Amino acid sequence: MTHCADPVPACDSAAEREKKSKLSAFFTVIFSGFALLSDGYQVGVLSLVNVALNMQYKEQYTSAMSTRISNSLFVGCIIGQIGFGYICDRVGRKVGMMLTTFLVIIGAALCAGAYGANGSVEGMFWALTVYRGILGVGVGGEYPCSSASASEAADIVRPGRRGFLFVCVTNLVIDVGFVLSALFPLIVGLCTTNYEIIWRASFAFGVIPPLSVMYFRFKMDNSERFKANAMKKNVPYLLIIKRYWKYLLGTGGSWFFYNFISYPFGIFAGTILDNALGTSGSFVQIAQWMLLLNCFYLPGSLGGAMAADRIGRKKTMTLGFFCQGVLGVCMGIFFRDLLKIFPLFVVLYGVFMMMGEFGPGDMLGLVSAEIYPTAIRGTAYGWSAAIGKTGAFVGTTVFKPAIEAFGKGDAILGQSRVFILASGLALLGSIFTWFLIPDYSKKGLGEEDEDFRRYLEANGFDLSNMGDGSLAVETSLPDEKEIKA
């Protein structure tokens, strides 16, 4: 047996390598999640863009066109989530993140410069529909790529307490994007009353966050965990579905309910506030109320991040869904009376959205990134998120028609009944969460990888297909097992 002549330098070298590994993982977490700021911004900004387009083009900007432009992003998101979930598992996290960053930059720039042939207004609206779809593919792809990479790095930086860090660089960052989506148009609106400048500048601002992380993402590498556990060929999808169907039903179903509520209530919040303020409401006034409303996202997201590691993912998500449902039912019942005290209405609306962020908004991404093994983390996350974005698509499609149908000409009555309907889905989401989603709060990501390998081996799968070939010897990662001399 060979002994080291001077063990101290060797120990120092090992400690230095571990320190560098943690530092590298920390920056991976940061730059994996930071571009999600643009994703939250681009989804949220459409609320005030809708107001600006409606004020500029009036009857030309129909309800159907508004819904079409909103939904094009979600259709693109569904394609991006499924497609890039596959890419980030089969090709690599880095490749997926580079491609999605590029698509978000291109999509946002095209939206800012949208133009109809020969100056056609309707042509411009259709161009926006297509460009928002391109943007949506990039936005959707960010979710599985960034979240898979961030969760694997967070497990190294804060083993046993990865929940807080993961939420802070994913959903909290998205919510900061929502706040900026009201703040930036407000600033532009204070500088000019030209609605075209307002909506074009608002779209253009979304280019900055992904552009700022492009270089750092180019310098990143795939995680050691991915290199050891990737399946780049002969993926046994039937075995995967057989083992994880219940989890997929739980994450996908809960995400459907959450997005069915959060996206239409977020995107059309400007329209609701506009209707509530009446003809006296200016763009700046609506933007100010929107900013206040969006700021409620932040304490909800931060509170959920702190609760995730303390009371667990399942309890946090169930509590958020349940509180949102109860509050929404009460708001629906007393909706007309609340509008008479408008500041109180806005505060309660904000708390309603805040509880969504505290529970499912924070936890769904975290749970979907940790209950599935590394080999299929991006794919399973993408499937779950795509089902969720289907909920957003359905929600935004039926939102305005539902108000008209329920109200029968009375918009206030229609909105109150939609609040009650959405709140019922939130209560249903709490039931889905409690019975279908496991709590992996204290479980290392490597434990599920090992369980998955044993499951595959027991079902005759050739484990030599696992790993991307860049690691000569499969090793346990530092946070999983102690290294024994």
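The following legends describe close-up views of one predicted model.

Residues are numbered from 1 along each chain as its sequence is written. In this predicted model, local features need pLDDT of at least 70 and side-chain atom pairs count only at pLDDT 80 or more, while totals for chains, interfaces and linings use all residues; side-chain values use heavy atoms, without hydrogens and water.

View 1. Helices (H or I, at least four residues) and strands (E, at least two) are DSSP runs, numbered from the N terminus. Of the 485 residues, 58% count as buried, meaning under 20% relative accessible area, with exposed over 50% and partly exposed in between (1.4 Å probe, protein chains only).

**View 2. Helix α3 (residues 46–57) packs with helix α9 (residues 195–205).** Two packed helices are described by the angle between their axes and the distance between the axes. Here the angle is about 155 degrees and the axes are 9 Å apart; axes are lines fitted to C-alpha atoms, for helices over the stretch in contact, and angles run from 0 to 180 degrees between N-to-C directions. The helices α3 and α9 are therefore roughly antiparallel (over 145 degrees; under 35 is roughly parallel, 65 to 115 roughly perpendicular, the rest oblique). Residues of α3, including Leu46, Leu53 and Tyr57, meet residues of α9, including Trp199 and Phe203; contact means heavy atoms within 4.5 Å. The residues of this contact divide into 10 nonpolar, two polar and one charged. Ala, Val, Leu, Ile, Met, Phe, Trp, Tyr, Cys and Pro count as nonpolar, Asp, Glu, Lys and Arg as charged, and the others, Gly among them, as polar.

**View 3. Helix α3 also meets helix α6 (residues 121–157).** Their axes come within 13 Å and cross at roughly 170 degrees, so α3 and α6 are roughly antiparallel. Leu46, Leu53 and Tyr57 in α3 meet Val121, Met124, Phe125, Leu128 and Arg132 in α6. This contact has seven nonpolar residues, no polar ones and one charged.

**View 4. The largest nonpolar core has 119 residues.** Such a core is a set of buried Ala, Val, Leu, Ile, Met, Phe, Trp, Tyr and Cys residues joined through side-chain atoms within 4.5 Å. Trp199 and Phe203 are among the residues with the most contacts inside the largest core. Another core, of nine residues, lies apart from it and includes Phe84 and Val213.

**View 5. Asn118 has a positive phi of about 60 degrees, although it is not a glycine.** Most residues other than glycine have a negative phi. Asn118 lies in the loop between α5 (93–112) and α6, and counts as exposed at 82% relative accessibility.
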